[in-house]
Amino acid sequence: MKQTQIFLMLLVLLAPISAFAQNAPSTHTPHDTKTHHANTKPKVQKNYLQGTVLDAETGEPLVGATIYDPVKKGGATTDLMGKFKLAAEDGTEVTISYIGYIGQKVTITSGNDEVIELKPNTVMMRGVSVMADAAIGRKTPVAYSTISPLVIEDRLGIQEFPEILKSTPGIYATRQGGGYGDSRVNLRGFEPANVAVMVNGVPVNDMEWGGVYWSNWSGLSDVTSSIQVQRGLGASKVSSPSVGGSINVMTKSTDAERLTTAFYGIGSDGSHKISFSHSTGLMSNGWAVTLLGAKNWSSSGYILGTEFSGYSYFANVSKRINNNHLISLTGFGAPQWHSQRYNGDKLLIGEYEKYKEGYRYNASYGFDDQGVRHNSYYNHFHKPQISLNHYWDIDDKSSLSTVAYVSIGRGGGYGGRGNNRSDLYGTSSGLVTTKYRTLDNYFDFGAIMAENAANPNGSQAVIATSTNEHNWYGLISTYNTKVGKGFDISAGIDARYYEGIHQARIVDLLGGAFFIDPDRASKNNRGAERNTFAYLNEKLKVGDIVYRDNTGYVVQVGGFAQGEYSNKYINAFVSGSISNNSYWKIDRFYYDNERSKTMNFLGFTVKGGVNYNINSMFNVFGNIGYISRAPFMSGGVFTSIHTSNGMNPDPVNEKIFSKELGAAFRSRYVTVNLNLYHTNWNDKAITRSVDASNPDAGTVNLKGVNALHQGIELEIVSKPFKNFELKGMLSLGDWKWTKNAEGYAYNRDGQPVDERGDVVEEGSPKHAKVVVNMKGVHVGNSAQWTGSLGASYSFLRGFKVGLDWQYYSHNYSYFSIANNFGENTMIDPWRIPDASVFDLFLSYRFNVGPCKFTITGNVNNLFDAAYVLDANDGASHTWETAQVIYAFGRTMSLSLKVAF
């Protein structure tokens with residue numbers, strides 16, 4: 001196999017690096033044992049203080065920790081193994097510090113190789129790490145990357161949270177339409193619904209369809225302690241695992257020391273951010289409290305008409321009851337609103353050139369005849385999460401970690417409704433619509449309002465907010481115990497209950513006096529009793545329900561267990577989980593408060609792995625696993641969850657078989673991580689648009705879809721000389737569909753249709769069947785090859801400058817289905833041109849009395865490169881018919897943080 005050959009070649013290349021590092025001459029100053037001549041003046045021997053700085057809880061080296069000598073006003077930083085060497089007098093007291101950790105003052109004696117362990121600056125971090133199943137280097141046999149607090153502070157600035165992930169192997173992060181929080185993160189080619197996102201070990205993916213709205217979590221950047229991306233099977237023991245991997249976000253919990261911070265940032269396009277935080281630290285009575293509040297806002301947004309405003313808050317109260325018990329109550333949320341550019345409003349490449357805004361153009365943005373701004377697409381949401389953690393050291397062998405959590409989501413997004421709702425679309429088939437368009441190319445809301453006002457039958461198109469409100473309750477509890485030398489056993493439960501309330505309510509009649517909802521007539525097709533003329537022709541006002549009114553329910557109950565053996569050289573584990581997913585819904589719009597059939601799916605996971613430490617520098621690992629996962633409620637079990645109680649015939653579990661090999665090398669000057677993965681994904685159910693740019697074209701629900709995702713990932717960090725660091729990443733994927741698929745056609749409202757487009761009953765023999773010949777076609781919507789190279793240099797005292805380069809290649813368009821009935825033969829979708837982008841950052845840290853200041857400047861897309869970020873494939877599978885969205889051009893930000 002081609003990937004195996006490349007993997008073995010790269011593995012061979014590591015051998016000379018290992019040999020060189022192990023046989024390199026010592027950097028210590030040798031003692032001169034020769035007798036000096038009487039007339040020879042002996043050389044003055046410098047004293048060197050040396051040691052290693054480690055994370056006190058994981059044993060991982062802290063790279064870049066600062067060792068400062070207050071006497072000589074000089075210092076050093078740790079290398080890639082956490083080691084340092086500092087020229088100083090014997091017995092000097094030095095200060096050792098690292099962002100996110102409690103600093104120490106240590107007296108070091110010359111000639112001793114001191115080991116200094118820094119504790120995370122949080123009371124609850126050990127319990128959080130356990131709940132999040134954090135991977136540990138040279139121990140956990142999985143591929144992972146950890147993003148430290150220092151990297152987040154230097155590189156994120158006031159960008160959106162997913163932007164910090166883009167230099168991670170296998171990650172493809174895009175801003176899609178460009179609205180605040182509208183980002184998408186793919187991992188190893190898998191869509192967001194198949195990438196688990198967890199905050200302190202608590203899952204946040206939507207329970208009905210699996211995705212993540214990053215706008216709901218925009219405040220995470222303010223409270224994140226670290227981020228760990230685990231690729232593939234990962235170390236997570238939850239009973240419902242992901243396919244592509246997991247993104248584990250660990251928040252600051254409660255700071256162990258008293259600390260107050262203030263932050264202000266300003267950036268391009270009228271963007272601002274301000275935040276304040278205060279922590280009491282761990283007080284003598286065992287209590288600790290941390291509070292944070294922040295606001296992000298922009299008067300315009302980078303994309304035309306995408307202004308936004310978002311708040312975020314975080315509160316943690318912890319109590320160390322005694323040496324064995326610690327409880328922590330955490331609550332955080334990010335209420336926000338933002339105007340959007342609909343992700344379906346992609347344009348032909350040549351179409352952008354017609355508008356003065358160029359790639360920033362938003363076809364759905366405009367004005368009414370009074371000059372008031374309007375946008376057909378707008379999102380508002382607040383999804384707070386509250387969790388209660390309890391960490392119990394039962395004895396010196398056993399512990400119990402438990403978290404109970406609740407998430408209450410409220411909000412929704414705007415969209416058009418009505419017979420003429422297509423009039424509100426800004427684009428169609430890659431072209432800007434012209435029916436309602438001003439001379440300066442804004443959407444003419446004034447014209448459509450005038451037509452609605454003059455129509456005796458009321459508004460023919462209105463704007464409604466589709467609300468997605470949920471109540472989510474969960475419990476995860478994990479018991480760990482040692483059962484002999486080197487053996488650990490853990491077991492636990494994972495239970496979740498979710499109800500999602502889905503409605504659509506009129507928010508703007510667009511000039512009309514009332515609205516008659518054509519969707520009410522669809523009740524005739526469902527056999528509903530309310531078929532009176534008065535009901536079907538009711539004159540609706542703002543606030544009335546249209547289109548949908550249903551509640552979806554998901555109950556998941558599962559358990560997991562793991563056995564682990566560890567010694568100096570080997571760490572091996574075997575784990576398994578089982579879970580039952582129950583789905584049902586109650587529809588109050590297309591049915592008379594009718595409950596659907598309840599569907600149950602029993603899933604399980606079996607996986608294992610082993611890591612072997614060949615020596616102090618070189619280790620290898622492998623893992624293998626099989627997952628049988630319940631299909632998603634939306635798009636998997638229910639054919640059209642918002643308009644029908646009908647279900648896909650014979651839905652089955654998805655089957656995932658994954659295997660991975662990896663090797664790592666670590667020395668003072670370079671660390672290298674290399675891994676090869678191979679994932680078969682079978683019996684997937686997916687929904688594809690007939691025309692992704694035209695919602696009226698309808699969709700096709702496919703089942704029995706198979707894919708193969710395989711590739712090689714390489715990650716290198718090097719510190720070739722003092723204060724200089726290089727980071728590189730290369731990810732080469734080969735992702736293809738491996739089987740032809742079948743499905744059925746549905747109209748824009750999710751109703752089953754025949755080959756003429758007429759609505760038919762679910763299960764009717766007239767329901768249009770679709771066959772898609774897609775075997776061998778590349779998986780699109782994510783760059784299969786990515787690379788990055790970053791360099792940073794620290795100079796003077798407290799200054800750091802860095803330049804990062806990102807490269808994207810083999811990025812295939814998102815394919816649509818040409819016909820909503822009959823046979824479709826797919827070929828490779830248009831391959832988006834390769835792209836390179838550079839980001840620059842500069843930071844300066846300094847102290848004034850007790851206050852610690854950090855100034856950070858960021859320039860993203862330094863050279864203002866214009867490149868396609870996302871694309872929908874067209875009829876010719878070339879650039880002429882592809883509908884695209886371009887990446888953001890150059891943006892800048894400057895921020896100041898003070899801590900005291």
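**Close-up views of a predicted model**

View 1. The model is predicted, so local features need pLDDT of at least 70 and side-chain atom pairs count only at pLDDT 80 or more, while totals for chains, interfaces and linings use all residues. Phe638 lies in the loop that links β36 (618-629) with β37 (654-666), strands being DSSP runs of E with at least two residues and helices runs of H or I with at least four, both numbered from the N terminus. Beyond its neighbours within four places in sequence, its contacts (heavy atoms within 4.5 Å) include Tyr583, Trp584, Ser596 and Met647. The C-alpha atoms of Phe638 and Ser596 are separated by 9.9 Å, although the two residues are 42 residues apart along the chain.

**View 2. The open sheet β21-β50-β49.** Three strands are arranged in this order with antiparallel pairing, where two strands pair if DSSP finds at least two bridges between them. β21 (347-348) and β49 (868-872) each have a single partner strand and stand at the edges, so one side of each is left without a neighbour in the sheet. Four bridges join β49 to β50 (residues 883-886), and Val884 in β50 is the bridge partner of Ala871.

**View 3. Asn452 in helix α5.** Asn452 belongs to helix α5 (residues 445-454) and counts as buried at 4% relative accessibility. Apart from neighbours within four places in sequence, Asn452 is in contact with residues including Gly458, Gln460, Leu509 and Gly512.

Residues are numbered from 1 along each chain as its sequence is written, and side-chain values use heavy atoms, with hydrogens and water left out.

Note on methods: Buried < 20%, exposed > 50% of the residue type's maximum accessible area, 1.4 Å probe, protein only.
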